[in-house]
Amino acid sequence: VLGATLSALWLAARLVPDGEASATVWFCAVGALATALLVAVFHGLTRTGAFRLDLAVPIFGILALSAGSAVQRDPRARDVLRRLGAALRDRAGQVVAAPEAAWYLLLAGLALFAALRGLVAPPFTWDALTYHLMLAGRWVQDGHVATRAAPDAWTYYQYFPANGDALFAWAMLPLRRDLAVTLVNLPLWALGTAAAYGLSREVGLRPRLAALGALLFASLPAVFGYLSVAYAELTLYATLLCGTLFVARYLR
């Protein structure tokens with residue numbers, strides 16, 4: 001994750017052309033690119049039958065060292081990192097000082113609880129048991145993506161796109177179990193919430209109204225309810241909103 005994030009930070013500094021882009025835009029760019037890098041490396045390893053911890057760790061270790069060195073040498077990447085750190089501190093202060101601070105803190109606490117709940121509650125949701133975690137577990141066990149003769153719905157389950165479930169496979173790979181799979185959704189939920197805020201600002205909403213809108217959007221049952229289940233919807237939610245944000249910026 002560190003390797004993917006540092007690489008994404010450097011790529012964002014290279015790819016986002018607007019030097020005046022807000023910290024929210026930079027955060028969404030880094031988050032979307034880091035997700036894409038994790039998925040890309042997953043496909044590269046599984047296509048060669050090499051999805052194994054002893055190979056993944058050196059690859060991401062090299063990525064982390066190379067990207068960290070590139071960030072240190074790149075003034076723009078260092079500036080992005082400083083701006084993200086400063087913005088995080090400023091946003092935290094604004095949240096605490098806002099009249100609706102209690103609602104923000106309540107939602108954050110509920111989101112953390114929902115994510116941590118997965119550490120003690122087995123993933124019994126239907127789609128997770130029938131294919132999301134079944135697919136991820138097979139990739140961890142086999143080291144590659146392969147089809148098998150299977151009846152009924154499995155005649156097409158195994159051909160579903162692997163991108164969302166690839167993140168669950170990464171979470172299962174170190175311990176070879178599903179202990180941490182529900183933790184995958186917390187950063188994706190946060191990324192989608194940031195993108196909703198950024199998109200609201202992009203179309204002209206004031207900061208406070210945009211923040212309230214993002215708060216309401218993130219607390220919708222159709223969004224918040226996926227925090228504690230091993231489904232791929234939050235991957236789609238986060239990347240779709242990030243993509244929409246950048247399309248809106250491009251059109252503007």
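Ser7 sits in helix 1, residues 2–15. Helices here are DSSP runs of H or I, at least four residues, numbered from the N terminus. Keep in mind that this is a predicted model: local features need pLDDT of at least 70, side-chain atom pairs count only at pLDDT 80 or more, and totals for chains, interfaces and linings use all residues. Residues are numbered from 1 along each chain as its sequence is written, and side-chain values use heavy atoms, with hydrogens and water left out.

Is Ser7 buried or exposed? Ser7 is buried, at 9% relative accessibility. Buried means under 20% relative accessible area, exposed means over 50%, and partly exposed is in between, with a 1.4 Å probe and protein chains only. What does Ser7 contact, leaving aside neighbours within four places in sequence? Leu37, Leu63 and Ala67. Contact means heavy atoms within 4.5 Å.

Next, Val223. This residue belongs to helix 11, residues 221–224. Val223 is buried too, with 8% relative accessibility. Not counting residues up to four places away in sequence, Val223 touches Trp189, Phe217, Ala218, Leu234 and Tyr237. Take Leu234: it is 11 residues from Val223 along the chain, and their C-alpha atoms are 7.3 Å apart.

Last one: Arg176. Look in the loop between helix 8 (163–172) and helix 9 (185–202). Arg176 is exposed, at 52% relative accessible area. Now the backbone. Arg176 is not a glycine, yet its phi is positive, about 55°. Most residues other than glycine have a negative phi.

Methods:
Helix = DSSP H or I, 4+ residues; strand = E, 2+ residues; numbered from the N terminus.
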